[in-house]
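Here is a short report on one structure. Read it beside the sequence and the coordinates.

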Amino acid sequence: MNRTTQVPDALPARGRNGAATAAPPPARATTRRRPASSQWAAWAFLAPVTLYLVLFYAYPLYRNIDLSLRNYTVRSFVQGDAPFTGLANYRAVFDDPTFAPALLHTVVFTAVCLVFQYAIGLALAVFFNQHFRLSATLRALFLVPWLLPLIVSASTWSWMLNSDSGVVNATLHAVGIGPVNWLTSPSWSLASVIIANVWIGVPFNLVVLYSGLQSIPTSLYEAAALDGAGPWRRFWSITFPLLRPVSAITLLLGLVYTLKVFDIIWIMTKGGPADSSTTFATWSYQLGFGNLLPAFGPGAAVGNLLVVAALVFGLIYLKVQRKQALS
């Protein structure tokens, strides 16, 4: 009789003492689903932010673009039946004789303000980083220009730079220098609003850069001092390179703020005299609200140019930050 033996599919595993142990069951892929309650909670937290962005950013931007593409008058602005004109408002802005001076003033005003605000703010941040006596008190006093309303700051500078009764001309007269027509001379009006805006913007740079200095380890300065590095060498080799990320965001925010400065210029000079201090921000207001027959379309077009400029610099910043992160 032939005997047939059946070989089992799998032999039980043997332990150290020869005892059979059961094989582990096959692993099953398990997928965890997020509970519906947590999803609703996430949407509940996002809803206020989304609503805020739509109401106060997306919709005004859409309306501004619509204004720049139509021929709005006072009647059509109320009734909403303005005809579509395409890029006619932008062509009118580019052909306007005020465009070139306003562009030049905007570039000069923004560039000079950024350079002086950053340089003075960085110098003060390094100075206050020494942690001497009364450092906190003086640092708090430097925040006063930043905390004051812009109308108060601009009105104060208008009084100080007044040609007849201003304290600046009085000081110049005391040292033997003749009076300067700060606000009424085409040669000095742009410089006057730059001085006022620099004074207002320095505290912001001071606060942000001082916070960045606090994140730099003191051990780096101690090691550099042991190697014989002086104060300037430590600044250029340690402080300035490690402050680059903070400096980049400070300059970007300062650029966006300076591009849209309107209150200071309008209160001090109203863009004059003879458009010598007119920027895109003040020109946009003059076109839309400064005349008896407002030009809403060209005014919105000038405002959109400022938005595009800020967007371009923001994209450049993001690209530079991405390259630095990859490197």
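Is D66 buried or exposed? D66 is buried, at a relative accessible area of 13%. Buried means under 20% relative accessible area, exposed means over 50%, and partly exposed is in between (1.4 Å probe, protein chains only).

## Model and confidence

This is a predicted model, in which local features need pLDDT of at least 70, side-chain atom pairs count only at pLDDT 80 or more, and totals for chains, interfaces and linings use all residues. Residues are numbered from 1 along each chain as its sequence is written, and side-chain values use heavy atoms, with hydrogens and water left out.

The pLDDT is the predictor's confidence in each residue, from 0 to 100. The chain average is 85, and 89% of the residues score at least 70. Residues 1-13 have a pLDDT below 50. Beyond near neighbours in sequence, that stretch has 5 contacts in the model. Contact means heavy atoms within 4.5 Å. Where pLDDT is low, the predicted coordinates should not be read in detail.

## Salt bridges around D66

The structure holds 2 salt bridges. A salt bridge is a side-chain nitrogen of Lys or Arg within 4 Å of a carboxyl oxygen of Asp or Glu. One joins D66 to R63, at 3.5 Å from N to O. Both residues lie in helix α1 (residues 36-68), 3 residues apart, about one turn of the helix. Helices are DSSP runs (H or I, at least four residues), numbered from the N terminus.

D66 also forms a salt bridge with R70, where the closest N and O atoms are 2.8 Å apart. R63 is partly exposed, with a relative accessible area of 26%. R70 is partly exposed at 26% relative accessibility. Shared partners join R63, D66 and R70 into one network.

## Nonpolar cores

A nonpolar core is a set of buried Ala, Val, Leu, Ile, Met, Phe, Trp, Tyr and Cys residues joined through side-chain atoms within 4.5 Å. The largest one has 37 residues. F109, L161, W182 and M268 have the most contacts inside it. Helices that each supply at least two residues include α4 (99-128), α7 (150-160) and α9 (189-214). The most come from α9, with 11 residues.

Which residues does L161 touch, leaving aside neighbours within four places in sequence? L161 is in contact with V168, W182, L183, S192 and M268. Apart from this core lies another, of 15 residues, among them A102, F280, A281 and W283.

## Enclosed helix α14

Helix α14 (residues 280-289) has 8 of its 10 residues buried, so it is largely enclosed by the rest of the structure. The buried residues include F280, W283, Q286 and L287. Their cover includes α3 (88-95), α4, α12 (244-259), α13 and α15 (296-326).

S247 sits in α12. S247 is buried, at 7% relative accessibility. Leaving aside neighbours within four places in sequence, S247 is in contact with Y118 and L209.

## Nonpolar surface patch

A nonpolar patch on the surface is formed by L134, L138, L141, F142, V144, L148, I151, V152, W199 and I267. Together they have about 830 Å² of accessible area, from the Shrake-Rupley method with a 1.4 Å probe, counting only the protein chains shown as cover. Patch residues have over 30% relative accessible area and no salt bridge, with nonpolar side chains (Val, Leu, Ile, Met, Phe, Trp, Tyr) joined within 5 Å.

The elements giving two or more residues are α5 (135-141) and α7. W199 belongs to helix α9. At 35% relative accessibility, W199 is partly exposed.

Methods. Patches are made of residues with over 30% relative accessible area and no salt bridge: like charges are joined within 9 Å, nonpolar side chains (Val, Leu, Ile, Met, Phe, Trp, Tyr) within 5 Å.
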